[in-house]
Amino acid sequence: RGWLQRVARFIRPDRILANSRFTASVLPRHYPDIPWDLFYNPVPPPQSGLTNRADVRKEFDCSESKKVIIQVSRMEEWKGHAYLIDALGRIKESPDWECWIVGGAQREFEIAYMNGLKQQAEALGISDRIRFLGFRSDVPALLAAADIFCQSNKEPEPFGIVFIEAMYAGLPVVTFDMGGAQEIVTESTGCLVPPTDTSALGQALGELTQSSEKCDLL
């Protein structure tokens, strides 16, 4: 869809490095009969000396008793923010959770998209429990201060570096069962739910917000 992909169609490679088996599965549509190798993205661990978890929560006046659900991504529709907000609307009766959405809107269509998300949260009666944090340079610290990572993509992630980063922070990952997430998230590290099923997504998030033991075990 981008200029790089269009130009690449006219170049026949000798060999392809795929960053996931999912990525490799779509190669025959563009490059039939080209050999490929699987090479997962190396994701370095976060640097030591992160901001204290309590300090980060204090910045947002968030008590330690609250379960914080976090999403970190670009402010684009395919990242699935709307699915997450819909799922959260299904568990609005559950106490002691809030959601941090990290990612800045820069272009006009991103600003319009973010405004639509805020309207969606307002309509569901959960706008006071969702924080749009915008662009942040301290993502590792925010992850360390959260409890659950959720990114319910509308389209598959080719790999999903952010899932690895969330796991480094010790967070269970909740996402849809598609794309690169299938090669990263297991029963011991999170939960995969059927794509677009916000009822199942809400149920998974609800169970995690109500169970400290389950969060700690994952």
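Student: Where do I start: is tryptophan 100 buried or exposed?

Tutor: Tryptophan 100 is buried, because its relative accessible area is 0%, and buried means under 20%. Keep in mind that this is a predicted model.

Student: What do the values say for tyrosine 40 and phenylalanine 159?

Tutor: Their ring centres are 5.8 Å apart, and the planes meet at 35°, so this pair is tilted.

Student: Where in the chain do these two partners lie?

Tutor: In distant parts, 119 residues apart. Tyrosine 40 is in the loop between β2 and α3. Phenylalanine 159 is in the loop between β6 and α7.

Student: Which class of accessibility does each one get?

Tutor: Tyrosine 40 has 37% relative accessibility, so it counts as partly exposed. Phenylalanine 159 has 6%, so it counts as buried.

Student: What about phenylalanine 60 and tryptophan 100?

Tutor: Here the centres are 4.9 Å apart and the planes stand at 55°, so the pair is tilted. Phenylalanine 60 is buried, at 9% relative accessible area.

Student: Which charged residues sit over rings?

Tutor: Lysine 118 lies over the face of phenylalanine 132, 5.6 Å from the ring centre. The charged end of arginine 129 sits over the ring of tryptophan 97, 4.0 Å from its centre.

Student: How do I read two packed helices?

Tutor: Take the angle between their axes and the distance between the axes. Helix α4 covers residues 81–89, and helix α5 covers residues 108–124. Their angle is about 10°, and their axes are 10 Å apart. That angle makes α4 roughly parallel to α5, because angles under 35 degrees count as roughly parallel.

Student: Which residues meet there?

Tutor: From α4, His81, Ala82, Ile85, Asp86 and Gly89. From α5, Tyr113, Leu117, Gln120, Ala121 and Leu124. By class, the contact has six nonpolar, three polar and one charged residues.

Student: Where is glycine 116 found?

Tutor: In helix α5. Glycine 116 has 31% relative accessibility, so it counts as partly exposed.

Student: What separates glycine 116 from alanine 141?

Tutor: They are 25 residues apart along the chain, and 28 Å separates their C-alpha atoms.

Methods. Residues numbered from 1 in each chain as written. Predicted model: local features only at pLDDT ≥ 70, side-chain atom pairs only at ≥ 80, totals over all residues. Heavy atoms only, no water. Axes fitted to C-alpha atoms, helices over the stretch in contact; angles between N-to-C directions. Helix = DSSP H or I, 4+ residues; strand = E, 2+ residues; numbered from the N terminus. Parallel < 35°, antiparallel > 145°, perpendicular 65-115°, else oblique. Contact = heavy atoms within 4.5 Å. Nonpolar A, V, L, I, M, F, W, Y, C, P; charged D, E, K, R; others polar. Phe/Tyr/Trp six-rings, centres within 6.5 Å; stacked < 30°, edge-to-face > 60°. Buried < 20%, exposed > 50% of the residue type's maximum accessible area, 1.4 Å probe, protein only. Lys NZ or Arg CZ within 6 Å of the ring centre and 35° of its normal.
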